[in-house]
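Please set out a short briefing on the structure shown below, moving from overall confidence to the sheets, the ligand surroundings and some individual residues.

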Amino acid sequence: MNKMLQCLPFNWIQEIVNIAAEWIVVVDRDGKVLYMNESYCKFVDRDPDEVIGMDVQDVIENSRMHFVAKTGQAEVAEIHPIKNTEMVANRYPLFIDNELVGAVGTVMFRNAQDWLEYSKKVEPLIEELNYYKKRFEKELVSKYSFSQLIGSTPSFHAAKQLAEKVSASSSAILLFGESGTGKELFAHAIHDASPRRLFPFVRVNCASIPEHLLESELFGYDEGAFTGAKRGGKKGKFEIANRGTIFLDEIGDMSLNMQSKLLRVLQEKEIERVGGNSPISIDVRVIAATHRNLEDMVVLKEFRQDLYYRLNVIKVDIPPLRERIQDIPLIANALLKKLERKFHRHGIQISNEVFQILKSHHWPGNVRELENVIERCVNVLTGNVITPEQLPLYLYENPSNKILLNHDPSHYIKSDLKLTKSLKELIEETERNAVIQALVEANGNKIEAAKLLDISKSTFYEKIKYYNIHRNEIDEFIKN
Ligand SMILES: Nc1ncnc2c1ncn2[C@@H]1O[C@H](COP(=O)(O)OP(=O)(O)OP(=O)(O)O)[C@@H](O)[C@H]1O
(Lines give C-alpha, C1' and ligand atoms only; values in the text may rest on other atoms or scores of the structure.)
Protein backbone atom coordinates (compact mmCIF):
# COMPACT_ATOMS: atom_id res chain seq x y z
CA MET A 1 0.00 0.00 0.00
CA ASN A 2 1.08 3.54 -0.70
CA LYS A 3 3.12 4.62 2.35
CA MET A 4 1.56 8.08 2.35
CA LEU A 5 -1.92 6.57 2.61
CA GLN A 6 -0.80 4.48 5.63
CA CYS A 7 -0.02 7.71 7.46
CA LEU A 8 -3.64 8.83 7.20
CA PRO A 9 -6.03 7.99 10.06
CA PHE A 10 -8.81 5.63 8.94
CA ASN A 11 -11.66 8.13 9.50
CA TRP A 12 -9.78 10.58 7.30
CA ILE A 13 -9.58 8.06 4.48
CA GLN A 14 -13.30 7.42 4.90
CA GLU A 15 -14.09 11.12 4.59
CA ILE A 16 -11.75 11.58 1.62
CA VAL A 17 -13.53 8.74 -0.21
CA ASN A 18 -16.86 10.41 0.55
CA ILE A 19 -15.64 13.68 -0.92
CA ALA A 20 -13.97 12.14 -3.95
CA ALA A 21 -17.01 10.11 -4.88
CA GLU A 22 -20.13 11.47 -3.27
CA TRP A 23 -21.80 8.10 -3.62
CA ILE A 24 -19.76 4.94 -3.72
CA VAL A 25 -20.33 1.20 -3.45
CA VAL A 26 -17.82 -1.66 -3.50
CA VAL A 27 -18.79 -5.31 -4.14
CA ASP A 28 -16.87 -8.57 -4.21
CA ARG A 29 -16.76 -11.00 -7.15
CA ASP A 30 -20.13 -12.45 -6.14
CA GLY A 31 -21.75 -9.04 -6.09
CA LYS A 32 -21.98 -8.88 -2.27
CA VAL A 33 -21.66 -5.39 -0.81
CA LEU A 34 -18.33 -4.82 0.94
CA TYR A 35 -18.65 -1.11 1.39
CA MET A 36 -21.26 1.55 0.70
CA ASN A 37 -20.87 5.09 1.98
CA GLU A 38 -23.37 6.82 4.20
CA SER A 39 -24.93 9.19 1.67
CA TYR A 40 -25.55 6.37 -0.80
CA CYS A 41 -27.11 4.27 1.98
CA LYS A 42 -29.27 7.20 2.97
CA PHE A 43 -30.52 7.57 -0.61
CA VAL A 44 -31.57 3.91 -0.75
CA ASP A 45 -33.00 4.08 2.82
CA ARG A 46 -30.59 1.52 4.29
CA ASP A 47 -28.37 1.39 7.30
CA PRO A 48 -24.62 1.16 6.42
CA ASP A 49 -24.07 -1.80 8.78
CA GLU A 50 -27.10 -3.62 7.47
CA VAL A 51 -26.01 -3.64 3.79
CA ILE A 52 -22.64 -5.32 4.25
CA GLY A 53 -22.71 -8.83 2.77
CA MET A 54 -26.05 -8.31 1.01
CA ASP A 55 -26.52 -8.96 -2.71
CA VAL A 56 -26.06 -5.58 -4.37
CA GLN A 57 -29.27 -6.02 -6.46
CA ASP A 58 -31.23 -6.24 -3.18
CA VAL A 59 -29.76 -2.97 -1.98
CA ILE A 60 -29.59 -0.87 -5.16
CA GLU A 61 -32.45 -1.02 -7.62
CA ASN A 62 -31.36 -1.93 -11.21
CA SER A 63 -27.75 -2.36 -10.11
CA ARG A 64 -25.32 -3.92 -12.58
CA MET A 65 -22.39 -4.04 -10.19
CA HIS A 66 -22.51 -7.86 -9.97
CA PHE A 67 -22.06 -8.06 -13.80
CA VAL A 68 -19.04 -5.80 -13.78
CA ALA A 69 -17.53 -7.80 -10.91
CA LYS A 70 -17.88 -10.92 -13.09
CA THR A 71 -17.01 -9.60 -16.57
CA GLY A 72 -14.25 -7.18 -15.61
CA GLN A 73 -15.67 -4.75 -18.20
CA ALA A 74 -16.09 -1.14 -17.07
CA GLU A 75 -19.36 0.71 -17.71
CA VAL A 76 -18.77 4.45 -17.80
CA ALA A 77 -21.35 7.26 -17.70
CA GLU A 78 -24.30 4.84 -17.85
CA ILE A 79 -27.85 5.99 -17.14
CA HIS A 80 -29.12 4.18 -14.06
CA PRO A 81 -32.89 4.36 -13.42
CA ILE A 82 -33.54 4.41 -9.70
CA LYS A 83 -36.37 5.60 -7.46
CA ASN A 84 -38.24 7.32 -10.33
CA THR A 85 -35.23 9.28 -11.39
CA GLU A 86 -32.19 8.66 -13.52
CA MET A 87 -28.68 8.97 -12.23
CA VAL A 88 -25.48 8.70 -14.20
CA ALA A 89 -23.21 5.97 -12.87
CA ASN A 90 -19.69 4.66 -13.42
CA ARG A 91 -18.90 0.99 -12.72
CA TYR A 92 -15.28 -0.15 -12.68
CA PRO A 93 -13.87 -3.66 -12.18
CA LEU A 94 -11.51 -3.83 -9.20
CA PHE A 95 -8.21 -5.55 -9.95
CA ILE A 96 -5.78 -6.21 -7.13
CA ASP A 97 -2.40 -7.71 -8.12
CA ASN A 98 -3.84 -8.41 -11.58
CA GLU A 99 -6.69 -10.40 -10.11
CA LEU A 100 -10.34 -9.39 -10.48
CA VAL A 101 -11.63 -9.17 -6.93
CA GLY A 102 -14.85 -7.19 -7.34
CA ALA A 103 -16.14 -3.84 -8.59
CA VAL A 104 -16.43 -0.21 -7.53
CA GLY A 105 -19.43 1.91 -8.44
CA THR A 106 -19.71 5.68 -8.21
CA VAL A 107 -22.50 8.06 -9.08
CA MET A 108 -21.60 11.02 -11.29
CA PHE A 109 -24.98 12.79 -11.14
CA ARG A 110 -27.50 11.87 -8.53
CA ASN A 111 -30.55 13.16 -10.33
CA ALA A 112 -31.85 15.13 -13.25
CA GLN A 113 -31.32 18.41 -11.38
CA ASP A 114 -27.62 17.64 -10.85
CA TRP A 115 -27.31 16.73 -14.50
CA LEU A 116 -29.14 19.91 -15.52
CA GLU A 117 -26.78 22.10 -13.50
CA TYR A 118 -23.85 20.38 -15.10
CA SER A 119 -25.23 20.54 -18.62
CA LYS A 120 -25.85 24.27 -18.21
CA LYS A 121 -22.10 24.63 -17.90
CA VAL A 122 -21.40 22.25 -20.75
CA GLU A 123 -24.02 23.65 -23.14
CA PRO A 124 -22.09 26.76 -24.22
CA LEU A 125 -19.06 24.56 -24.84
CA ILE A 126 -21.12 22.22 -27.02
CA GLU A 127 -22.54 25.19 -28.88
CA GLU A 128 -19.04 26.49 -29.50
CA LEU A 129 -17.95 23.07 -30.67
CA ASN A 130 -20.89 22.87 -33.08
CA TYR A 131 -20.04 26.31 -34.42
CA TYR A 132 -16.50 25.21 -35.23
CA LYS A 133 -17.77 21.90 -36.61
CA LYS A 134 -20.10 23.77 -38.97
CA ARG A 135 -17.32 26.13 -40.01
CA PHE A 136 -15.07 23.17 -40.58
CA GLU A 137 -17.74 21.47 -42.69
CA LYS A 138 -18.30 24.66 -44.66
CA GLU A 139 -14.70 25.48 -45.29
CA LEU A 140 -12.82 22.26 -45.23
CA VAL A 141 -14.96 19.78 -47.05
CA SER A 142 -15.40 19.24 -50.74
CA LYS A 143 -18.40 21.15 -52.02
CA TYR A 144 -18.74 19.44 -55.39
CA SER A 145 -18.85 15.93 -56.72
CA PHE A 146 -18.27 14.57 -60.22
CA SER A 147 -21.99 14.57 -60.93
CA GLN A 148 -21.88 18.38 -60.77
CA LEU A 149 -19.24 18.63 -63.48
CA ILE A 150 -21.41 19.26 -66.51
CA GLY A 151 -20.27 18.51 -70.03
CA SER A 152 -20.23 15.69 -72.54
CA THR A 153 -17.81 16.90 -75.22
CA PRO A 154 -15.26 14.09 -75.75
CA SER A 155 -12.31 16.20 -74.50
CA PHE A 156 -14.18 17.22 -71.33
CA HIS A 157 -15.54 13.73 -70.79
CA ALA A 158 -12.00 12.31 -71.10
CA ALA A 159 -10.69 14.80 -68.50
CA LYS A 160 -13.52 13.93 -66.12
CA GLN A 161 -13.04 10.20 -66.62
CA LEU A 162 -9.31 10.42 -65.95
CA ALA A 163 -9.84 12.51 -62.82
CA GLU A 164 -12.48 10.08 -61.54
CA LYS A 165 -10.24 7.11 -62.20
CA VAL A 166 -7.29 8.51 -60.27
CA SER A 167 -9.33 9.85 -57.33
CA ALA A 168 -8.75 6.77 -55.22
CA SER A 169 -4.96 6.94 -55.32
CA SER A 170 -2.76 9.35 -53.38
CA SER A 171 -0.68 10.49 -56.37
CA ALA A 172 -0.23 14.16 -57.10
CA ILE A 173 -2.50 15.63 -59.77
CA LEU A 174 -1.88 18.66 -61.96
CA LEU A 175 -5.01 20.36 -63.28
CA PHE A 176 -4.32 22.46 -66.33
CA GLY A 177 -6.87 24.82 -67.81
CA GLU A 178 -7.68 28.45 -68.46
CA SER A 179 -9.23 30.57 -65.75
CA GLY A 180 -12.86 29.64 -65.09
CA THR A 181 -12.73 26.22 -66.75
CA GLY A 182 -13.57 24.44 -63.50
CA LYS A 183 -10.18 23.47 -62.05
CA GLU A 184 -11.35 24.07 -58.50
CA LEU A 185 -14.52 22.10 -59.17
CA PHE A 186 -12.39 19.17 -60.38
CA ALA A 187 -10.21 19.36 -57.25
CA HIS A 188 -13.30 19.22 -55.00
CA ALA A 189 -14.74 16.31 -56.96
CA ILE A 190 -11.48 14.33 -56.79
CA HIS A 191 -11.31 14.80 -53.01
CA ASP A 192 -14.97 13.89 -52.66
CA ALA A 193 -14.48 10.64 -54.57
CA SER A 194 -11.31 9.69 -52.67
CA PRO A 195 -10.91 7.75 -49.41
CA ARG A 196 -9.72 11.06 -47.91
CA ARG A 197 -13.16 12.61 -48.19
CA LEU A 198 -13.79 12.48 -44.43
CA PHE A 199 -10.66 14.54 -43.84
CA PRO A 200 -10.11 18.20 -44.74
CA PHE A 201 -9.98 19.70 -48.21
CA VAL A 202 -7.84 22.81 -47.96
CA ARG A 203 -7.48 25.33 -50.77
CA VAL A 204 -4.55 27.70 -51.04
CA ASN A 205 -4.39 30.35 -53.73
CA CYS A 206 -0.64 30.69 -54.21
CA ALA A 207 -1.07 33.87 -56.27
CA SER A 208 -3.11 35.81 -53.71
CA ILE A 209 -0.87 35.31 -50.67
CA PRO A 210 2.12 37.69 -50.48
CA GLU A 211 5.41 35.86 -50.88
CA HIS A 212 6.62 36.66 -47.35
CA LEU A 213 3.46 35.17 -45.81
CA LEU A 214 3.14 32.08 -47.97
CA GLU A 215 5.63 29.98 -46.02
CA SER A 216 3.92 30.48 -42.66
CA GLU A 217 0.53 30.08 -44.34
CA LEU A 218 1.53 26.72 -45.80
CA PHE A 219 3.70 25.32 -43.02
CA GLY A 220 2.57 27.28 -39.94
CA TYR A 221 4.78 28.87 -37.32
CA ASP A 222 5.88 28.30 -33.75
CA GLU A 223 5.33 30.72 -30.91
CA GLY A 224 7.80 33.59 -31.07
CA ALA A 225 8.77 32.84 -34.70
CA PHE A 226 8.46 36.54 -35.53
CA THR A 227 7.05 39.75 -34.10
CA GLY A 228 3.29 39.48 -34.05
CA ALA A 229 3.30 35.66 -34.06
CA LYS A 230 0.31 34.29 -32.14
CA ARG A 231 0.81 32.70 -28.73
CA GLY A 232 1.06 28.96 -29.10
CA GLY A 233 1.94 29.32 -32.80
CA LYS A 234 -0.32 28.49 -35.70
CA LYS A 235 -0.95 25.44 -37.84
CA GLY A 236 -0.20 25.77 -41.53
CA LYS A 237 -2.46 24.59 -44.35
CA PHE A 238 -0.49 21.36 -44.76
CA GLU A 239 -1.00 20.45 -41.11
CA ILE A 240 -4.70 21.34 -41.33
CA ALA A 241 -5.05 19.18 -44.44
CA ASN A 242 -3.42 16.17 -42.77
CA ARG A 243 -4.93 12.92 -44.07
CA GLY A 244 -6.93 14.98 -46.54
CA THR A 245 -6.16 16.96 -49.69
CA ILE A 246 -4.42 20.27 -50.27
CA PHE A 247 -5.37 22.18 -53.41
CA LEU A 248 -2.57 24.48 -54.52
CA ASP A 249 -4.27 26.82 -56.94
CA GLU A 250 -2.22 29.03 -59.30
CA ILE A 251 0.93 27.01 -58.60
CA GLY A 252 2.62 28.73 -61.56
CA ASP A 253 2.68 31.95 -59.53
CA MET A 254 4.77 30.48 -56.71
CA SER A 255 8.24 31.97 -56.33
CA LEU A 256 11.29 29.77 -56.97
CA ASN A 257 12.24 30.03 -53.31
CA MET A 258 8.85 28.67 -52.20
CA GLN A 259 8.97 26.04 -54.93
CA SER A 260 12.16 24.63 -53.33
CA LYS A 261 10.48 24.50 -49.92
CA LEU A 262 7.41 22.83 -51.36
CA LEU A 263 9.55 20.26 -53.17
CA ARG A 264 11.27 19.36 -49.90
CA VAL A 265 7.91 18.82 -48.20
CA LEU A 266 6.66 16.62 -51.03
CA GLN A 267 9.85 14.55 -50.93
CA GLU A 268 10.21 14.21 -47.18
CA LYS A 269 6.48 14.07 -46.37
CA GLU A 270 7.13 16.28 -43.40
CA ILE A 271 6.92 19.98 -42.74
CA GLU A 272 8.82 22.28 -40.46
CA ARG A 273 6.98 25.24 -38.99
CA VAL A 274 8.58 28.67 -39.38
CA GLY A 275 10.71 29.16 -36.25
CA GLY A 276 10.26 25.50 -35.30
CA ASN A 277 13.01 22.96 -35.08
CA SER A 278 11.28 19.62 -35.17
CA PRO A 279 9.78 18.22 -38.36
CA ILE A 280 6.13 17.17 -38.33
CA SER A 281 5.06 14.19 -40.45
CA ILE A 282 2.15 14.80 -42.77
CA ASP A 283 0.03 12.65 -45.03
CA VAL A 284 -1.51 14.96 -47.61
CA ARG A 285 -2.55 14.47 -51.21
CA VAL A 286 -1.55 17.38 -53.42
CA ILE A 287 -3.68 18.67 -56.27
CA ALA A 288 -2.07 21.61 -58.04
CA ALA A 289 -3.69 23.79 -60.67
CA THR A 290 -2.50 26.36 -63.14
CA HIS A 291 -3.52 28.19 -66.27
CA ARG A 292 0.13 28.76 -67.15
CA ASN A 293 2.26 26.60 -69.36
CA LEU A 294 4.57 25.03 -66.79
CA GLU A 295 6.67 23.24 -69.43
CA ASP A 296 7.57 26.63 -70.93
CA MET A 297 8.17 28.06 -67.49
CA VAL A 298 10.60 25.22 -66.83
CA VAL A 299 12.47 26.11 -70.04
CA LEU A 300 12.52 29.76 -68.95
CA LYS A 301 13.80 28.64 -65.52
CA GLU A 302 10.75 30.17 -63.86
CA PHE A 303 9.54 26.82 -62.57
CA ARG A 304 11.66 24.06 -61.04
CA GLN A 305 11.84 21.03 -63.25
CA ASP A 306 12.03 18.57 -60.32
CA LEU A 307 8.90 20.10 -58.75
CA TYR A 308 7.15 20.00 -62.11
CA TYR A 309 7.79 16.25 -62.35
CA ARG A 310 6.59 15.72 -58.76
CA LEU A 311 3.34 17.54 -59.40
CA ASN A 312 2.77 16.27 -62.91
CA VAL A 313 2.32 12.60 -61.97
CA ILE A 314 -1.17 12.76 -63.42
CA LYS A 315 -2.08 15.69 -65.63
CA VAL A 316 -5.70 16.53 -66.33
CA ASP A 317 -6.24 18.97 -69.20
CA ILE A 318 -9.52 20.82 -68.86
CA PRO A 319 -10.59 22.23 -72.22
CA PRO A 320 -11.72 25.87 -72.51
CA LEU A 321 -15.41 26.50 -73.09
CA ARG A 322 -14.90 27.73 -76.67
CA GLU A 323 -13.62 24.25 -77.52
CA ARG A 324 -16.76 22.62 -76.23
CA ILE A 325 -19.48 24.78 -77.66
CA GLN A 326 -21.84 21.77 -77.78
CA ASP A 327 -21.80 21.74 -73.96
CA ILE A 328 -23.04 25.33 -73.67
CA PRO A 329 -26.82 24.58 -73.58
CA LEU A 330 -26.25 21.82 -71.01
CA ILE A 331 -24.05 23.99 -68.77
CA ALA A 332 -26.21 27.10 -69.22
CA ASN A 333 -29.32 25.16 -68.15
CA ALA A 334 -27.53 23.64 -65.15
CA LEU A 335 -26.27 27.07 -64.09
CA LEU A 336 -29.77 28.46 -64.57
CA LYS A 337 -31.21 25.83 -62.20
CA LYS A 338 -28.55 26.76 -59.62
CA LEU A 339 -29.36 30.46 -59.96
CA GLU A 340 -33.12 29.82 -59.79
CA ARG A 341 -32.56 28.27 -56.37
CA LYS A 342 -30.39 31.21 -55.33
CA PHE A 343 -32.94 33.82 -56.40
CA HIS A 344 -36.05 31.80 -55.44
CA ARG A 345 -37.33 31.72 -59.01
CA HIS A 346 -38.51 28.83 -61.13
CA GLY A 347 -39.63 27.93 -64.64
CA ILE A 348 -37.12 30.25 -66.41
CA GLN A 349 -36.14 29.20 -69.92
CA ILE A 350 -33.43 30.30 -72.34
CA SER A 351 -34.57 31.15 -75.88
CA ASN A 352 -32.96 29.50 -78.91
CA GLU A 353 -31.75 32.88 -80.11
CA VAL A 354 -29.82 33.32 -76.87
CA PHE A 355 -28.33 29.85 -77.18
CA GLN A 356 -27.09 30.80 -80.65
CA ILE A 357 -25.43 33.95 -79.28
CA LEU A 358 -23.89 32.05 -76.39
CA LYS A 359 -22.53 29.45 -78.78
CA SER A 360 -20.89 32.10 -80.95
CA HIS A 361 -19.00 33.90 -78.16
CA HIS A 362 -15.38 32.94 -77.55
CA TRP A 363 -15.68 32.87 -73.71
CA PRO A 364 -12.28 34.09 -72.51
CA GLY A 365 -13.61 33.79 -68.94
CA ASN A 366 -14.98 30.29 -69.62
CA VAL A 367 -17.74 28.80 -67.43
CA ARG A 368 -17.31 31.55 -64.82
CA GLU A 369 -18.11 34.14 -67.48
CA LEU A 370 -21.11 32.11 -68.66
CA GLU A 371 -22.33 31.91 -65.06
CA ASN A 372 -22.07 35.70 -64.71
CA VAL A 373 -23.97 36.22 -67.96
CA ILE A 374 -26.82 33.93 -66.87
CA GLU A 375 -26.92 35.57 -63.44
CA ARG A 376 -27.26 38.99 -65.07
CA CYS A 377 -30.08 37.69 -67.28
CA VAL A 378 -31.98 36.24 -64.31
CA ASN A 379 -31.61 39.55 -62.48
CA VAL A 380 -32.97 41.75 -65.25
CA LEU A 381 -35.60 39.29 -66.47
CA THR A 382 -39.25 40.18 -65.88
CA GLY A 383 -40.95 37.30 -67.67
CA ASN A 384 -39.91 33.69 -67.82
CA VAL A 385 -37.91 33.46 -71.05
CA ILE A 386 -34.40 34.85 -71.42
CA THR A 387 -34.15 36.67 -74.76
CA PRO A 388 -31.15 38.53 -76.29
CA GLU A 389 -32.31 41.80 -74.67
CA GLN A 390 -31.27 40.54 -71.25
CA LEU A 391 -27.76 39.68 -72.37
CA PRO A 392 -24.92 42.07 -71.48
CA LEU A 393 -24.21 44.54 -74.27
CA TYR A 394 -20.81 43.10 -75.14
CA LEU A 395 -22.51 39.85 -76.17
CA TYR A 396 -25.57 41.46 -77.68
CA GLU A 397 -23.62 43.97 -79.70
CA ASN A 398 -20.84 41.65 -80.77
CA PRO A 399 -20.82 41.89 -84.60
CA SER A 400 -20.75 38.13 -84.95
CA ASN A 401 -23.84 37.90 -82.79
CA LYS A 402 -25.58 40.57 -84.79
CA ILE A 403 -25.18 38.48 -87.89
CA LEU A 404 -26.94 35.67 -86.19
CA LEU A 405 -29.65 37.96 -84.99
CA ASN A 406 -29.96 40.08 -88.03
CA HIS A 407 -30.41 38.11 -91.19
CA ASP A 408 -30.27 41.19 -93.40
CA PRO A 409 -27.47 40.45 -95.94
CA SER A 410 -26.55 44.15 -96.22
CA HIS A 411 -25.50 44.03 -92.57
CA TYR A 412 -23.18 41.16 -93.34
CA ILE A 413 -21.65 43.09 -96.25
CA LYS A 414 -21.05 46.16 -94.06
CA SER A 415 -19.32 44.10 -91.40
CA ASP A 416 -15.58 43.39 -91.59
CA LEU A 417 -16.13 39.77 -90.87
CA LYS A 418 -14.89 37.19 -93.29
CA LEU A 419 -16.98 34.17 -92.73
CA THR A 420 -14.46 32.01 -94.48
CA LYS A 421 -12.71 31.81 -91.13
CA SER A 422 -13.88 30.39 -87.83
CA LEU A 423 -14.21 32.61 -84.78
CA LYS A 424 -11.19 30.88 -83.26
CA GLU A 425 -9.09 31.63 -86.32
CA LEU A 426 -10.16 35.28 -86.32
CA ILE A 427 -9.30 35.68 -82.66
CA GLU A 428 -5.94 34.02 -83.09
CA GLU A 429 -5.13 36.16 -86.11
CA THR A 430 -5.89 39.31 -84.10
CA GLU A 431 -3.86 38.04 -81.16
CA ARG A 432 -0.83 37.19 -83.33
CA ASN A 433 -0.95 40.66 -84.90
CA ALA A 434 -1.15 42.27 -81.45
CA VAL A 435 1.95 40.38 -80.28
CA ILE A 436 3.88 41.40 -83.39
CA GLN A 437 2.76 45.02 -83.07
CA ALA A 438 3.79 45.15 -79.42
CA LEU A 439 7.22 43.74 -80.28
CA VAL A 440 7.67 46.28 -83.04
CA GLU A 441 6.64 49.14 -80.75
CA ALA A 442 8.97 47.88 -78.03
CA ASN A 443 11.80 47.61 -80.53
CA GLY A 444 12.02 43.86 -80.06
CA ASN A 445 12.21 44.05 -76.25
CA LYS A 446 9.95 41.23 -75.04
CA ILE A 447 9.55 42.47 -71.48
CA GLU A 448 8.51 45.89 -72.71
CA ALA A 449 6.19 44.34 -75.27
CA ALA A 450 4.53 42.18 -72.59
CA LYS A 451 4.00 45.35 -70.54
CA LEU A 452 2.37 47.08 -73.51
CA LEU A 453 -0.14 44.25 -73.74
CA ASP A 454 -0.53 44.12 -69.95
CA ILE A 455 0.28 40.41 -69.74
CA SER A 456 2.96 38.55 -67.81
CA LYS A 457 6.37 37.83 -69.26
CA SER A 458 5.74 34.07 -69.33
CA THR A 459 2.32 34.43 -71.00
CA PHE A 460 4.00 36.61 -73.63
CA TYR A 461 6.67 33.95 -74.24
CA GLU A 462 3.92 31.34 -74.51
CA LYS A 463 2.22 33.40 -77.22
CA ILE A 464 5.46 33.88 -79.18
CA LYS A 465 5.98 30.14 -79.11
CA TYR A 466 2.35 29.34 -79.92
CA TYR A 467 2.22 31.73 -82.90
CA ASN A 468 5.68 30.76 -84.07
CA ILE A 469 6.87 34.38 -84.22
CA HIS A 470 10.54 34.69 -85.18
CA ARG A 471 13.03 37.40 -84.39
CA ASN A 472 13.80 38.08 -88.07
CA GLU A 473 10.08 38.61 -88.77
CA ILE A 474 10.07 41.40 -86.17
CA ASP A 475 13.37 42.83 -87.39
CA GLU A 476 11.88 43.10 -90.86
CA PHE A 477 8.97 45.15 -89.44
CA ILE A 478 11.29 47.34 -87.38
CA LYS A 479 13.50 48.04 -90.41
CA ASN A 480 10.49 49.11 -92.43
N1 LIG B 1 -18.19 21.74 -65.92
C2 LIG B 1 -18.82 22.60 -65.14
N3 LIG B 1 -20.10 22.40 -64.82
C4 LIG B 1 -20.76 23.27 -64.04
N5 LIG B 1 -20.22 24.38 -63.52
C6 LIG B 1 -18.95 24.64 -63.80
C7 LIG B 1 -18.18 23.76 -64.61
N8 LIG B 1 -16.94 24.26 -64.72
C9 LIG B 1 -16.92 25.39 -64.00
N10 LIG B 1 -18.12 25.63 -63.43
C11 LIG B 1 -18.47 26.80 -62.60
O12 LIG B 1 -17.68 27.87 -63.07
C13 LIG B 1 -17.14 28.63 -62.00
C14 LIG B 1 -15.64 28.67 -62.11
O15 LIG B 1 -15.08 27.39 -61.82
P16 LIG B 1 -13.73 27.21 -61.02
O17 LIG B 1 -13.59 28.23 -59.95
O18 LIG B 1 -13.62 25.78 -60.64
O19 LIG B 1 -12.68 27.56 -62.19
P20 LIG B 1 -11.09 27.62 -62.11
O21 LIG B 1 -10.58 26.97 -63.35
O22 LIG B 1 -10.61 27.08 -60.81
O23 LIG B 1 -10.83 29.18 -62.18
P24 LIG B 1 -9.53 30.03 -61.68
O25 LIG B 1 -8.35 29.48 -62.42
O26 LIG B 1 -9.85 31.43 -62.12
O27 LIG B 1 -9.44 29.87 -60.21
C28 LIG B 1 -17.63 27.99 -60.73
O29 LIG B 1 -18.73 28.72 -60.24
C30 LIG B 1 -18.07 26.61 -61.14
O31 LIG B 1 -19.15 26.20 -60.36
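The protein chain of this predicted model has an average pLDDT of 86, and 91% of its residues score at least 70, where pLDDT is the predictor's confidence in each residue on a scale from 0 to 100. Over residues 399–418 the pLDDT is below 50, and this stretch has 20 contacts in the model beyond near neighbours in sequence, a contact being two residues whose C-beta atoms, placed from the backbone, lie within 7 Å. The model scores are ipTM 0.97 and pTM 0.61.

Residue numbers start from 1 along each chain, following the sequence as written. Because this is a predicted model, local features need pLDDT of at least 70 and side-chain atom pairs count only at pLDDT 80 or more, while totals for chains, interfaces and linings use all residues.

**Overall make-up**

- The protein chain holds 24 helices and 14 strands, these being DSSP runs numbered from the N terminus (helices are H or I with at least four residues, strands are E with at least two).
- Of the 480 residues of the protein chain, 26% count as buried; a residue is buried if 20 or more other C-beta atoms lie within 10 Å of its own, exposed if 12 or fewer, and partly exposed in between, with C-beta atoms placed from the backbone.
- Among contacts in the protein chain with a separation of 6 or more, 64% are between residues 24 or more positions apart.

**The antiparallel sheet**

- Five strands make up an open sheet with antiparallel pairing in the order S2-S1-S5-S4-S3, two strands being paired if DSSP finds at least two bridges between them.
- Strand S2 (33–36) and strand S3 (75–82) each have a single partner strand and stand at the edges, so one side of each is left without a neighbour in the sheet.
- From one strand to the next the twist averages 25°, with axes taken as lines fitted to C-alpha atoms (for helices over the stretch in contact) and angles running from 0 to 180 degrees between N-to-C directions.
- Strand S4 (residues 85–96) and strand S5 (residues 99–109) run antiparallel and are joined by nine bridges, and Leu94 stands opposite Gly102 in S5.
- Strand S1 (residues 24–28) pairs with S2 in the antiparallel sense over three bridges, with Val25 opposite Met36 in S2.
- S1 and S2 form a hairpin with four residues between them, and Gly31 in the turn has a positive phi of about 80°.

**The parallel sheet**

- A further open sheet has five strands in the order S7-S8-S11-S6-S12, and the pairing here is parallel.
- Strand S7 (201–205) and strand S12 (314–317) stand at the edges with a single partner strand each, so one side of each is left without a neighbour in the sheet.
- The twist in this sheet averages 20° from one strand to the next.
- Strand S6 (residues 173–176) runs parallel to strand S11 (residues 285–290), with four bridges joining them, and Leu174 stands opposite Ala288 in S11.
- Helix H8 (residues 154–166) packs on the sheet, where it touches S6 and S12, and its direction makes about 150° with that of S12.

**Around the ligand**

- The ligand has 18 residues around it, of which Ser179, Gly182, Lys183, Glu184 and Val367 come nearest; a residue is near a molecule or strand if its C-beta atom, placed from the backbone, lies within 6 Å of it.
- Helix H9 (183–192), helix H15 (328–342) and helix H17 (366–380) each supply at least two residues of the shell around the ligand.
- By class, this shell has six nonpolar, seven polar and five charged residues, where Ala, Val, Leu, Ile, Met, Phe, Trp, Tyr, Cys and Pro count as nonpolar, Asp, Glu, Lys and Arg as charged, and the others, Gly among them, as polar.

**Individual residues**

- Most residues other than glycine have a negative phi.
- Asn62 is not a glycine, yet has a positive phi of about 60°; Asn62 lies in the loop between helix H5 (56–59) and helix H6 (65–71), and is exposed, with 11 other C-beta atoms within 10 Å.
- Asn366 also is not a glycine and has a positive phi, of about 55°; Asn366 is placed in helix H17 and counts as buried, with 23 C-beta neighbours inside 10 Å.
- Glu441 is found in helix H21 (residues 423–441) and is partly exposed, with 15 other C-beta atoms within 10 Å.
- Glu441 and Leu452 are eleven residues apart along the chain, and their C-alpha atoms are separated by 8.6 Å.
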